[in-house]
Amino acid sequence: MKYLALVIGLCVLAAAAAAGSQVWQWRERKLKENERITEQKAAETDAAVRLGLKTGSLPPHPVDRRSALDDALRLRPDRRFLLAAQELAGADVAARFSEGQWIVSVGNRDIARVAELPDFPELLKALAPLAKEWVAAAKVSGKAARVRSLRGQKEAFGAVREAQTRWSRGDRGAAVLHDAASAAAALVLQLPRTFDADDRLDGHAIALCAADAAAGADVRGEQAVLALALGYAGAARALVPPQEEPALHAFLTLDRRRLADASGRRGAGAGDRHLLLRWLMQDANEQAVRGWIAAARDDEHVSIPAVGQLLLDGDLQVVETASETLPDLAVAELEGVRTTAPTDTDLLIALASAQRSALQNLAGHEDVRPRLAADLRQAADTGNEDPLWRGTDTAAWYAAAVAAALWSSARAGYVMRDDAASLADVLATWPLPVAAYPQRWLKARIAVDRGNTDDAYEALATSRLPGPSAAADLLDAMATQFEPPDPRMIEAARVARRHFDSRPTSRLIWAEVLRRHHRDLDRGARLAASVVDQAPGAYPADEVALAKQLGQLDRLERLALDERLPFPARLEAAKALADRGPKVPAERALRQLARERPADPETQERLIRFLHGTGRPKDALATAQDLVRRYGDDDSFSAATARCVAAGQLDAMGQHEDALTMVERGLPAEAPCAYRIATVQLAELGRKEEAEGLLLALFARRPQAETAATIAEVRWRSRNDAGAADILAHPPVLLTRRNFREVGERFAEVFRSRPASDVKPAIEAMLRAGVAPQSLVELGPPLMKAGAAEHAFEVYAFLSEKVASDKKARIQFSAWSALRVAKRATAAEVWLRNQLDPKGSPASVDSVLATSAYEEGLDDALWEIFAFKPPEPAFVDRLLLLRAASIVRRGERSARRDELMEELSDPLAAWKARLARYVGLSGAYASWEVRLARYVLGETGEDDIADDATEGSRPCEAPYYFAVRARAESRVRDAAAWFRVALECRNPQQPELVWAYRAASQLEQDRPPSAKPLQASR
């Protein structure tokens, strides 16, 4: 018995000693990890300061960070309906999100609950209790007869003013309210909408329509008009009565022939004809628009609603002229002057004539801006303050129309003017509060082009802008200044959320922002689907974008062949189909579109490129020549563009003399494509002096980034490397990374057919001229894409010695990748090891190698590089993690996986974890990398990792590996959400940030998105 007790005692002592030894080792590991965490914290703080990040980081715990991110990206309910609720209640209205719904409240009273992305009927239903109270308080009585909902601007203004007069005299009948509500809906439909300049005007129309419904009127047509005006096409389609409103029904159901018949029938009104013009503008049918103008009645072609549609034209010259004309039309209407213009002339001439007619009451050279301000003040002061239609509502309608023109003027002027800054100064002189919005956008946009993104960030964070599209444009411009993924860009896009809400157009733009700048494909797809799936065909451009993202080739073909849809969207669908789909359906779609628009250069060019790309250059050339013949002796800009298309095909076939002859006639029209093709042909023919003279003429006419790229290309073709370098070092405008990508395409086109040794002198010339090495890195990918791997190696290898130290490893590995393609893996590995920092420790060298291999998708290198020597001890755990992630992301089931699982397995892991927690060393029983590797391979769950992922760089690392495993398990939505969380890392040197950005961009959409609330699944 004593012997047994002694044995037991010895075993206990041995176990205690073993446990004590383990605990001591864990303590040492914990101390080292704490030191590393402190260093990582300092690195992230320094990065945030260096980058100038202005918002605090999200909660560090991965689950909390994911939830906080959902809240930060959630769109608030359509602001216009909240304003309507405020008007009906006569008190402030608030909305808060709870348990998957928005709760709308007035004071301490909850009045409604709506979905996360509420549609038009649900929002109107939420207003019903307030509307009933408003009707009761106003003592509305009687029953209203049905009136036409779709009216022209003049008729609607007359009706709403008459209703207000009767209301002011004490007539509180339901018929009066109904007439005012339907007229208000028609007015907001007729209002030019390049952006929602005045949400309060829309909110007033919504409040009237809600009150009208509460009073018992038949509001189907009225609500259909209002829903269409506010962008809710699906709701409008469901509401419209087909018999009472045939033109509106035809427009909403995409029946263009019936729309043409309904708008031309006896008894059709200006509202019906306006819908026809609206459709023709969407269809980009220039000839049909001319026909509409020729048949216009009562000078409707120069009314504010009609000219407002011209603000959406694809021709910026038309947009600029319409922008100048519309404020003059507003002054004329406010002063009771009838504007006239001929219908049998060119559009620009008609607009100029309308401008002169509108200003007939002004003295010569009198400034229209003070006159407009005085007229708007007078309109606001005229009329009653009763609730149906106030004088301020009339002033707000005309001010919003002028604001739309100013925004269009800013957009067109930014592109067309050499000095857009002067236009910003002009915008500041307009006596309208909303004029400040386009001015802020334009000043911020110009600042970004000059390399200053702070002004754009400030505008996004604090200022009012001309709607969501302006915010998205600033984000796009900022993105050209950063190398993605950049925490500044992630932060700016998140901050820009304040410019968006749940209205359909805003929702669609926000979806594109998320896709483009956050790589949040799943959330963006669900947002887009919540709109386009409610009304197929009503948002065709966004429907095409969604089909492209989801890889729905059948849907793209249907969209391309659907004649009910606007032509530009169909062409975009056909282009996408040609780029990624089967050849037969792509050709069928392109040929049908080419038959419908035989003289459209863009359509014919896409067909020609397709034919050439499928090995039929003679068919492509025949199509191009037929396009040119259709223009005959026409020397217009469109004809010049057609000649560019044909000359481009001749150039591709090596017929440079014929190409030059073809395109020379297009030069007087000053089409940029004509200059580029002509100079390239001259260079190919050895006529350097003529090419240089033409380049200088192009430079004088168009001092833009594209011109600099053309000049560089032509000089490279003439073997003038110094001249090419000079124009890139001293361009007419600042060249962004996006510009250098285009330069890279031109560089690859020239040098891929030359010896690889020619590349280095050209790069040296650019560096001597002062071009930044990091910009020249953009020359590498086009060379790889063109099959010139040896040339790409020359670029990367030379630049790796010139770039900043923090960029060096990535560029060296790009050179390694190119060398593997050009020669063989062994030579590439030897080269790379010779390039790495000889002063660095072996572990750091191995870490760079493995990290770069994983980043470039060269997974086999994680085994090949370390096949003949064991990795350094300090690096072993990191390599295990990368190998585990590599195996899982590829779905590999092999001996490698089994070996890795065996190496990582620990039967006592659960016991060690409990003991570590007991002694206050949670997580120290194994290194962070080993625990992550076990998680990635499915050995543990998120709960075993998440609580320890709150310090140092772990909030950056853990979400990425959560996403890798989720993706491998086909949990696409979880994977997308975790990749997005990983992008909240504030240290751009963290490799998981880059990996998450790239992986999110390639994430497969395994199932079509639904329009359900955007709640992250847990």
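Guide: Let us begin with Asp283, which is located in the loop between helix H12 (270-282) and helix H13 (286-294). The model shown here is a predicted one.

Visitor: What does Asp283 touch, leaving aside residues up to four places away in sequence?

Guide: With those residues left out, Asp283 touches Arg256, Leu565, Pro566, Phe567, Pro568 and Arg597. A contact requires heavy atoms within 4.5 Å.

Visitor: How do you know whether Arg719 is buried or exposed?

Guide: Arg719 has a relative accessible area of 57%. The term exposed applies over 50%, and therefore Arg719 is exposed. Arg719 belongs to the loop between helix H36 (705-717) and helix H37 (721-729). Not counting residues up to four places away in sequence, Arg719 touches Arg754 and Asp758. The C-alpha atoms of Arg719 and Val750 are 9.9 Å apart in space, while the two residues are 31 residues apart in sequence.

Visitor: What makes Ala599 partly exposed?

Guide: The relative accessibility of Ala599 is 35%. Buried is under 20% and exposed is over 50%; the value for Ala599 lies in between, so partly exposed is the term that applies. Ala599 sits in the loop between helix H29 (583-596) and helix H30 (601-613). Among residues beyond four places away in sequence, Ala599 touches Leu627, Arg630 and Tyr631. Ala599 and Val628 are 29 residues apart along the chain, and 8.4 Å separates their C-alpha atoms.

Visitor: Why is helix H53 described as mostly covered?

Guide: In H53, 11 of its 11 residues are buried. Among them are Val972, Trp978, Phe979 and Ala982. The buried residues of H53 pack against helix H2 (62-73), helix H23 (487-495), helix H25 (521-532), H52 and helix H54 (991-1001).

Visitor: Which term describes the pair formed by Phe962 and Trp978, and why?

Guide: A pair of aromatic rings is described by the distance of the centres and the angle of the planes. Phe120 and Tyr232 have ring centres 5.7 Å apart and planes at 50°. Phe120 and Tyr232 are both buried. For Phe962 and Trp978, the centres are 5.0 Å apart and the planes stand at 75°. This angle is over 60 degrees, so the pair is edge-to-face. Phe962 and Trp978 are both buried.

Visitor: Why is the pair of Phe120 and Tyr232 said to tie parts of the protein together?

Guide: Phe120 lies in helix H4, whereas Tyr232 lies in the loop between helix H8 (220-229) and helix H9 (233-239), so the pair ties together parts that are 112 residues apart in sequence. In all, the structure holds 23 aromatic pairs. One aromatic cluster is formed by Tyr854, Tyr960, Tyr961, Phe979 and Trp995.

Visitor: How do you know that Arg889 lies over the face of Tyr854?

Guide: Arg889 is at 3.7 Å from the ring centre of Tyr854. The limit for the distance is 6 Å, and the charge must also be within 35 degrees of the ring normal. Arg889 is recorded as lying over the face of Tyr854. Arg74 likewise lies over the face of Phe97, at 3.8 Å from the ring centre.

Visitor: What makes up the lining of the largest cavity, by class?

Guide: The lining has 10 nonpolar, no polar and no charged residues. Including Pro77, Phe81 and Leu82, the lining also has Val104 and Ile111 among its members. Ala, Val, Leu, Ile, Phe and Pro are among the residues that count as nonpolar. The largest cavity holds about 90 Å³ of space.

Visitor: How much of the protein is buried?

Guide: Buried residues make up 55% of the 1018 residues in the protein.

Note on methods. Residues are numbered from 1 along each chain as its sequence is written. This is a predicted model: local features need pLDDT of at least 70, side-chain atom pairs count only at pLDDT 80 or more; totals for chains, interfaces and linings use all residues. Side-chain values use heavy atoms; hydrogens and water are left out. On a 1 Å grid over the protein atoms alone, a cavity is a set of points where a 1.4 Å probe fits but cannot get out, and a pocket is an open set with protein on both sides within 12 Å along at least five of seven lines; lining residues have an atom within 4 Å of a point. Grid points are joined across faces, edges and corners, and a volume is the space filled by probe spheres set on the points. Rings of Phe, Tyr and Trp (its six-membered ring) pair if their centres lie within 6.5 Å; planes under 30 degrees apart count as stacked, over 60 as edge-to-face and the rest as tilted. Helices (H or I, at least four residues) and strands (E, at least two) are DSSP runs, numbered from the N terminus. Buried means under 20% relative accessible area, exposed over 50%, partly exposed in between (1.4 Å probe, protein chains only).
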